[in-house]
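Student: Could you take me through this protein step by step? I have not looked at it before.

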Amino acid sequence: SRAYKDLSLQLEQTGRFMRNLGMGMAFTLTLPIIELGRATLGTASQFEFSMAKLQNFTQLSTAEVAKLKNEFLKLSTEVGQTPDELAKGMYFVGSAGFKGAEGADALRAVAEGATVGLGDMESVARTATSVVNAYGHANMTVAQSVGIMIAATREGHFTVDQLGQSLGRVLSVASKMGVPFAQVMAGISV
């Protein structure tokens, strides 16, 4: 029975090895997967909260909100922003009075501006819509204001966050005096 004891010892060692391997895999593989799932659920619930906030603000029907969710999911892959960020951005775009197709175009422009580093969705949305509201919807689009801001911030090495406060004071005066927004931004970026 020496062979039996040797076999028993080898099986016991193999069992310990397999148990340690299993525990190691649990910590290095299973826990990260669980954390990833938890993070995904958190992101999904944030998106749902942002959509509920948007629905309450806009008084959209459940069907309209469902359609918007799908549009945000699709747009997020095109512009590099999360669906939650898009929902938050739409809240600010809608708050500034942009609805329907104009709102959708504004949201895309804001998202593209945020993606290239102009600022976060809220800052870009607030600033770009303020520009359009100051100059008039018939005279400028959000996409045009974002394009001008991108060019100016590239030249002036600042962000929309840094620009926001001073621009607010200048916009109403400049628009009333007929100074084009591109010239205002050129003057700031020097």
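The turns below go from the overall fold to its helices, salt bridges and a pocket.

Tutor: This is a predicted model, in which local features need pLDDT of at least 70, side-chain atom pairs count only at pLDDT 80 or more, and totals for chains, interfaces and linings use all residues. Residues are numbered from 1 along each chain as its sequence is written, and side-chain values use heavy atoms, with hydrogens and water left out.

Student: How many helices and how many strands does the secondary structure come to?

Tutor: Helices (H or I, at least four residues) and strands (E, at least two) are DSSP runs, numbered from the N terminus. Along the sequence the pattern reads α-α-α-α-α-α-α-α. The count is eight helices and zero strands.

Student: What percentage of the residues of the protein count as buried?

Tutor: Buried means under 20% relative accessible area, exposed over 50%, and partly exposed in between, with a 1.4 Å probe and protein chains only. The protein has 190 residues. Of these, the buried share is 32%.

Student: What distance does H5 reach from its first C-alpha to its last?

Tutor: The expected span of a helix is 1.5 Å times one less than its number of residues. H5 has 15 residues, for which 21 Å is expected. The distance in the model is close to that, at 21 Å.

Student: Which residue follows H5?

Tutor: Among the buried residues of H5 are Val131, Val132 and Tyr135. The residue that follows the helix has a positive phi, near 100 degrees. It is Gly136.

Student: How far apart are the end C-alpha atoms of helix H6?

Tutor: Helix H6 covers residues 142-156, and its buried residues include Val142, Met149 and Ile150. At 1.5 Å a residue, its 15 residues should span 21 Å, so the distance found in the model agrees. That distance is 20 Å.

Student: Which residue follows H6?

Tutor: The residue after H6 has a positive phi, near 55 degrees. Its name is His157.

Student: How many salt bridges does the structure hold?

Tutor: Side chains of opposite charge can pair when their charged atoms come close. A salt bridge is a side-chain nitrogen of Lys or Arg within 4 Å of a carboxyl oxygen of Asp or Glu. The number in this structure is seven.

Student: What is the N to O distance between Glu122 and Arg126?

Tutor: Both residues lie in helix H5, four residues apart. Glu122 is partly exposed at 35% relative accessibility, and Arg126 is partly exposed too, at 44%. Their side chains meet in a salt bridge with an N to O distance of 2.9 Å.

Student: Which helix gives the most to the lining of the second largest pocket?

Tutor: On a 1 Å grid over the protein atoms alone, a pocket is an open set of points where a 1.4 Å probe fits, with protein on both sides within 12 Å along at least five of seven lines; lining residues have an atom within 4 Å of a point. H1 (2-58), H3 (83-95) and H5 (121-135) each supply at least two lining residues. With six residues, the helix that gives the most is H3.

Student: What is the C-alpha to C-alpha distance between Lys53 and Ala87?

Tutor: Both residues are part of the lining of the second largest pocket. Lys53 is found in helix H1 and is partly exposed at 40% relative accessibility. Lys53 and Ala87 are 34 residues apart in sequence, and in space their C-alpha atoms are separated by 8.9 Å.
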